Amino acid sequence: MSKKTASSLKTTILTSILMVGILSLVLSVSVTIYKSNEQYTREASFFVQQIAKIVAYNSIIPVAFNQQGDLDDKQKGFLNTINNIKEVSHIHIYRYDDFSEELTLFASYIKKGATTLRPQYSKVKTLKQPVFTERYIEYAEPIYDHSFEGSTQNPPIGYVYLRYELTQYLQYNQEMLTWNTIVAAVVIALSILVSFYVLNKVVAPINRFVREIQLITQNKAFDSRVKSTNLIEMNMVAESMNAMLAKINWQIHQSAQAEKEITELNQNLEEKVISRTQALRDSNQELLDALEQVHQYQSQVIQSEKMASLGQMVAGVAHEVNTPIGLGVTASTMLSDKIDEISEAMENQKLSARKLSNFLVESKENTQIIYRNLSRAADLISSFKQVAVDQSADINREVNIKSFFEDILLSLNPTLKQTSHVIDIDCDENLVIKSKPGPLNQIIINLIMNSIIHGFDQMDRGLISIRITQRANTCTIHYSDNGSGIEEKIKQKIFDPFVTTRRGEGGSGLGMHLVYNLVTQALNGRIEVTSELGNGASFDIQFPAVQVLEYES
């Protein structure tokens, strides 16, 4: 930071007064010269135009009848009367030639001692207003023949060109400059005198006041007081300074007393510091232990979430498997009863061909029922086994995405069939990637359950759309539902742990936190959420995955 340049009060006052005087003088002179020039220009223009009109009026007959002598005759010519006007240096009268219709110099006037001026053929038609140059004024007045009605509307028969010298005006300006210079010198001298008077009345008391303050500070004589001056303002400053000196003196005594007390307190300070430092260390250790317990609790809760979802899936699959197995048991029991009947009939020699034929038909139906239900149970168990293995394993393997997602929906069927919600999967049937199916399985299950529990809470029939695409070495999953959406305050921290809208209804708030950790840590990807309250929610998941060449299923 640059230091500002300081200036003395004496210099400031002197400069200010001189500047005010000079600026006032410059402003006054500028306004006077401007108004004087404006008035002279207006009067000179009017005077030149009037002379030109008079000459043009008196030139009508000579120009119309080609009587040149009436104008430039040295004894009787009208132009000789212009000698009385010293400022007019040149007058040219131009006439249109009767045959060529070109302008010709008809008559002229030159002031004695002036140089000859060449004809101004090209200028006269343009000088409709007086034109000021550095040393003269030029003006041209058209000559009309007044013997015809509406003569000013007819073309002119000639022009009067007049040059008016500005010698008198220049002399006037020179005199004004001389007088302004004298006035400026007088104003500057008066400003200097006023400055010294002000300095003597103002700066001298201030300097004395400053010297007194310097002596007090150098000698540290804060019990002294500053003397009054002949200036009211300075007396006010002196009173304030004296009050400040009194306060400083009081503060010095108070500081001495405080220093004495501090010296006494410092004797026991070291022991207090050691005691409080030890207490702080103990508190920090307690906080570290508590933080470690929180981390352990969080890990346990997350693991519990994983096991709870797996247990829920096991219970659902067990219920699903019981149905085909029960049907198979029923069919096998019926088949066993029929076999006993046929055996008894054979022993009693009462077995007829019709009865044997009916037995064979019913046996075939029962065996088909047993086969179908056992096959269904085997499919359910196989799908559950693969999903369970994927959910607990954390290794890379080749995954057919469409089949993988269908297996996930099959494992959730016990939950889904209790609702009317629809899940639509949009994916290439031949898309095979190499990735970790375990984290992917848990991500999709948590998202679907989140939609069912929170998004479709007030809906009978919801729609979940899952679209999977592969581009380069990146797999993208776009998951969306048409549920109730997410509040803004919840959306901003949806991936934080223990954030839930069902705190008192069994919600742990770790579902979406688990999803975020699985996407970012297990899959090395990223996840973004988009939602508005009442307009559903969508999640965009991207993670690196290598696509495997298509294979035939």
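Colleague: Which residues does Ile 468 touch, leaving out those up to four places away in sequence?
Modeller: In this predicted model, Ile 468 touches Ile 401, Phe 405, Ile 425, Asp 426, Cys 427, Leu 431, Cys 475, Thr 476 and Ile 477, with residues up to four places away in sequence not counted.

Colleague: And which members of the largest nonpolar core touch the most other members?
Modeller: That core has 46 residues, and those touching the most other members are Ile 401, Phe 405, Ile 448, Ile 466, Ile 468, Phe 539 and Phe 543. At least two core residues come from each of several elements, including α7 (401-411), β9 (463-471) and β12 (537-544), while the largest share, eight residues, is supplied by α9.

Colleague: Is α9 mostly buried or exposed?
Modeller: Of its 19 residues, 16 are buried, so α9 is largely enclosed by the rest of the structure. From its first C-alpha to its last, α9 reaches 26 Å, which is close to the 27 Å expected at 1.5 Å a residue.

Colleague: Switching topic, in what order do the strands of the five-stranded open sheet come?
Modeller: The order is β2-β1-β5-β4-β3, and the pairing is antiparallel. β2 (103-110) and β3 (131-132) stand at the edges with a single partner strand each, so one side of each has no neighbour in the sheet.

Colleague: How many bridges join β4 to β5?
Modeller: Eight bridges join β4, residues 136-143, to β5, residues 158-165, and the two strands run antiparallel. As one example, Tyr 136 has Glu 165 in β5 as its bridge partner.

Technical notes. Residues numbered from 1 in each chain as written. Predicted model: local features only at pLDDT ≥ 70, side-chain atom pairs only at ≥ 80, totals over all residues. Heavy atoms only, no water. Core = buried A, V, L, I, M, F, W, Y, C linked by side-chain atoms within 4.5 Å. Buried < 20%, exposed > 50% of the residue type's maximum accessible area, 1.4 Å probe, protein only. Helix = DSSP H or I, 4+ residues; strand = E, 2+ residues; numbered from the N terminus. Contact = heavy atoms within 4.5 Å. Pairing = 2+ DSSP bridges. Expected span 1.5 Å × (residues − 1).
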